[in-house]
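I opened my notebook to look up a few local features of this protein, one entry at a time. Here is the structure I worked from.

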Amino acid sequence: MLALVAVLSVMNIFIIQGRAEKVEEAREIAKEFLRPAELQVTKIVLSDCEECFDINAALDSIKKQNVNVTQETVLDLSKTQAKELVEKYGIKKIPTLIISGEINKTEQLKSFFESIGDFPDERNIIFTDLKPPYYDVSSAKVIGKVSVINIVDSLCEECMPLSQVTNALKQSGVAVTEEKTYEYSSKEGIDIINKFNISRVPAILISNEVNYYDNIQGQIQELAEDKQGFYALHATSPPYRDLKKGKVVGLVKIILLDDASCAECYDVSINKQILPRFGVFVKEEAIFDVSSKEGKELSAKYNIEQVPALLLSPEASEYPAFVQVWQSVGTVEEDGWHVMRKPENLGTYRDLTTNEIVEVK
């Protein structure tokens, strides 16, 4: 029994030692796993391109990983060493980063680098996830620097400016490095209008450098064709200056025909509140009672049989959405004026032919 106890005691010691060794081994593995990967970074930059992609921001995002950048080297593309590295690794875009060292230390780190660059070998990665503008090695020029030209009519205060287009481009990451504005009646404006066959003002021309922005390219190409290096866009919703007609179109005058004697009738101002839904720009407004001289003249001229009523000047025809809806509620007279014929769509009204108040529930 004593011999058996001795043997078991010795075995227990070996088991405990074995477990301790495994625990220590596990600690070492965990320690190594948590240790930051040691990296060396070479930045290749173009010193005279202030608008180019911010490669320092890219490096900062790398440093947020579990890494320790032990060495940073900056090389301008004009230097021989930089050119040799570009040729050696087949680098296509500048600025860039050449990241060396323990790039495959963990699967997580390897996956991160795969999402931002290419592996020329097991020890290096070339950063490729840069956005324009950047220097394109094959064409030997900086691409993605977008120019914008605005053609405006400063005398048209009602015209919707297209400056929001430029703002939208910038917010989408497009580098608008040059922006010019010309009056449509100036020499420069006339030359551009003739060159690009512009028919409406305001208009905006965007250089085809925007094609290098994948998130924008498709949207621009849906709106215009690339002609002579620019996409020419013009105002699509009135008011705007129609250069063929030689005037600003879409400035609508409305007339509200009311009936003060009808307390039950719906509020005639509801008519004008509906117009903004269809983009109609009201330049001028008048209101007449049906019993007034003007009211009687309008009723007789357009054979108006129900009031309240709404009349719109011929300029309303410039709004396609309004025209489509108007077909179901009113008529367009020979002089182009739009006359409302179905007030029952809005509420209680007076029938002038019978002098009865028609209640609409």
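Entry one, on cis bonds. I began with Pro 133, which sits in the loop between strand S6 (124-127) and strand S7 (134-136); helices (H or I, at least four residues) and strands (E, at least two) are DSSP runs, numbered from the N terminus. The peptide bond that joins Pro 132 and Pro 133 is cis, with omega about 0 degrees. I noted another cis peptide bond between Val 307 and Pro 308, where omega is about 5 degrees, and I placed Pro 308 in the loop between strand S19 (306-307) and strand S20 (309-312).

Before going on, I wrote down that this is a predicted model, in which local features need pLDDT of at least 70 and side-chain atom pairs count only at pLDDT 80 or more, while totals for chains, interfaces and linings use all residues. I also noted that residues are numbered from 1 along each chain as its sequence is written, and that side-chain values use heavy atoms, with hydrogens and water left out.

Entry two, on the sheet that holds S19. I found an open sheet of three strands in the order S19-S23-S24, with antiparallel pairing. S19 and S24 stand at its edges with a single partner strand each, so one side of each has no neighbour in the sheet. Two strands pair if DSSP finds at least two bridges between them, and two bridges join the antiparallel strands S19 and S23. Gln 306 stands opposite Asp 351 in S23.

Asn 355 is not a glycine, yet its phi is positive, about 60 degrees; I found Asn 355 in the loop between strand S23 (349-351) and strand S24 (356-358). Is Asn 355 buried or exposed? Asn 355 counts as exposed, at 55% relative accessibility, where buried means under 20% relative accessible area, exposed over 50%, and partly exposed in between (1.4 Å probe, protein chains only). Asn 197 also has a positive phi, near 55 degrees, and lies in the loop between helix H6 (187-196) and strand S11 (200-201).

How many disulfides does a search of the whole structure find? The search finds three, a disulfide being a pair of cysteine sulfur atoms within 2.5 Å. Cys 49 and Cys 52 form one of them, with their sulfur atoms 2.0 Å apart, and both cysteines are buried. Cys 262 and Cys 265 form another; the torsion about their S-S bond is about 90 degrees, so this disulfide is right-handed.
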